[in-house]
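Hi,

Here is the structure I said I would pass on. Have a look, and then read my notes below it.

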Amino acid sequence: MDISSLYQLFLKCSAVTTDSRTCPRGAMFFALRGKTFDGNAFARKALDAGCACAVIDNRRYFAENDGRYILVENSLLTMQALANYHRRKLRTPLIAITGTNGKTTTKELVAAVLSRAYNVHYTQGNLNNYIGVPLTLLDLKPEHELAVVEMGASCRGDIEELAEIADPDYGIITNIGRAHLGGFGSMETLVKTKGELFDYLKQKEGYTVFVYENDINLRSLSMGMNKVTYGEGSETDVSGQLVSCSPYMTFKWKSKKIFGEEYTVKTKLVGDYNLPNALAAIAVGLYFKVSPEEINAALARYAPTNSRSQLKRAGSNTLIIDAYNANPTSMMAALKSFRQMDSFPKMVILGDMRELGAVSLKEHLRVVEYLKESGFAKVWLVGQEFAATKPPFRTFANVGEVISELKANTPQGYTILIKGSNGIRLSEAADFLSEE
């Protein structure tokens with residue numbers, strides 16, 4: 001079946017799914033393969049659950065006399081091609097967002113701002129990879145006026161591939177920091193990978209990129225491009241200044257487009273590292289002619305609920321939960337912001353930073369050295385990477401040991417920063433404290 005014929009079938013389906021456990025009636029099921037599973041084996045289950053058809057790439061599971069099966073050479077590549085075909089048919093203006101840190105929060109803030117004036121479709125959760133981006137695009141509807149798509153990368157070429165699929169018109173690289181170094185190998189490769197988004201846009205007519213001018217790498221990557229700049233400097237198109245961050249961030253901003261006006265926004269975001277994310281949303285909002293009043297209202301109302309800079313009261317304690325991901329750049333930013341926060345006593349529960357390859361020990365040692373000088377009342381470190389540094393702090397092998405200690409000796413009256421890579425599962429410790 002060629003892509004145009006498959007597209008006509010797709011238009012008759014209610015949705016697209018890759019999970020046989022989640023099958024809306026009338027959906028199109030794509031059987032994807034992984035290292036430890038073959039989605040083709042679940043095609044029959046998906047059809048029995050109500051899917052209208054199943055796209056498979058393993059002839060063993062193909063039923064000749066059942067027209068609901070669509071046999072292709074590669075289900076994943078077919079889904080990606082269908083997503084690209086659908087996106088090009090609709091031609092919805094699309095903003096792509098990538099970066100080492102802050103891309104999910106920036107995506108949420110940009111979508112919140114644009115939604116004050118437009119019908120916006122945007123990436124749900126963290127569906128930002130070679131499967132998530134196509135699924136996001138396939139959920140795009142004719143009534144959507146703008147799309148905001150998050151793109152993640154763990155090795156060279158990832159962003160180029162996702163850009164080819166999504167065909168963005170606008171782009172944001174939030175920042176370029178030290179993450180996934182085990183996959184990238186070096187900072188130079190990481191910079192080139194994130195820059196693949198700008199490389200793609202340079203080939204298009206009418207593109208615009210939104211650039212954080214305080215990042216030297218982004219200034220270099222965007223040289224000569226059509227851009228709107230934002231940052232903490234007075235020379236940028238949108239400039240901002242931190243007012244306070246105890247615990248929520250309050251900041252001021254102004255724009256060259258709005259002479260003589262300065263606005264103050266009180267957010268529900270924790271951490272001064274969120275200032276560039278908010279400024280990016282302002283820059284995008286102004287570009288698409290959202291009023292300053294609507295922009296400010298959207299930023300003030302947005303509250304994170306995804307374990308990213310999330311503040312939660314838990315009995316006598318205050319939790320700052322940033323346990324979805326961690327890398328050297330985001331870890332140091334969180335610790336520095338927490339150190340400056342006017343709240344005492346302070347406790348940190350930190351989990352390993354994963355996927356750092358050969359520099360893992362060095363990067364964990366750097367965090368430990370910073371902790372030594374920070375003066376936090378309590379420091380708990382979780383995972384074998386931190387343990388390998390032989391720190392002068394309490395260490396735990398896993399989150400289960402942390403929860404056992406919390407049961408025996410629950411902290412009282414602390415402000416607690418909880419941060420680590422998602423695989424360490426520190427969100428479970430946050431959940432336990434929230435229930436106490």
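First the ground rules. This is a predicted model, so local features need pLDDT of at least 70 and side-chain atom pairs count only at pLDDT 80 or more, while totals for chains, interfaces and linings use all residues. Residues are numbered from 1 along each chain as its sequence is written, and side-chain values use heavy atoms, with hydrogens and water left out. Helices (H or I, at least four residues) and strands (E, at least two) are DSSP runs, numbered from the N terminus.

Let's start with the four-stranded sheet. It is open, runs S1-S2-S3-S4 and has parallel pairing; two strands pair if DSSP finds at least two bridges between them. Strand S1 (16-17) and strand S4 (69-71) are the edges, each pairing on one side only. S1 joins strand S2 (28-30) through two bridges in the parallel sense, and Val16 sits opposite Met28 in S2. Helix H1 (3-12) packs on this sheet, touching S1, S2, strand S3 (53-56) and S4, with its direction at about 125 degrees to that of S2. H3 packs on the sheet too, where it touches S2 and S3 and makes about 135 degrees with the direction of S2. For these angles, axes are lines fitted to C-alpha atoms, for helices over the stretch in contact, and the values run from 0 to 180 degrees between N-to-C directions; contact means heavy atoms within 4.5 Å.

Next, helix H6 (158-166). Its buried residues are Asp158, Ile159, Leu162, Ala163, Ile165 and Ala166 (buried is under 20% relative accessible area, exposed over 50%, partly exposed in between, with a 1.4 Å probe and protein chains only). They lie on the same side of H6, because they span an arc of only 160 degrees around the axis, taken from the directions from the helix axis to the C-beta atoms. Their cover includes helix H3 (75-90), strand S5 (94-98), helix H5 (132-138), helix H8 (187-194) and helix H9 (196-201).

Asn84, in helix H3, touches Glu164, Ile165 and Asp167, leaving aside residues up to four places away in sequence. Its relative accessibility is 18%, so Asn84 counts as buried.

A pocket here is an open set of points on a 1 Å grid over the protein atoms alone, where a 1.4 Å probe fits, with protein on both sides within 12 Å along at least five of seven lines; lining residues have an atom within 4 Å of a point. The lining has 24 residues, with Ala15, Val16, Leu138, Asp139 and Lys141 nearest the centre. H5 gives the largest share, three residues.

Finally, the six-stranded sheet is open and mixed, in the order S14-S15-S19-S16-S17-S18. Its edges are strand S14 (310-314) and strand S18 (394-396), each pairing on one side only. Strands S15 (317-322) and S19 (415-419) pair in parallel over five bridges, with Ile321 opposite Ile418 in S19. Helix H13 (328-340) packs on this sheet against S15, strand S16 (346-351) and S19, at about 175 degrees to the direction of S16.

Cheers
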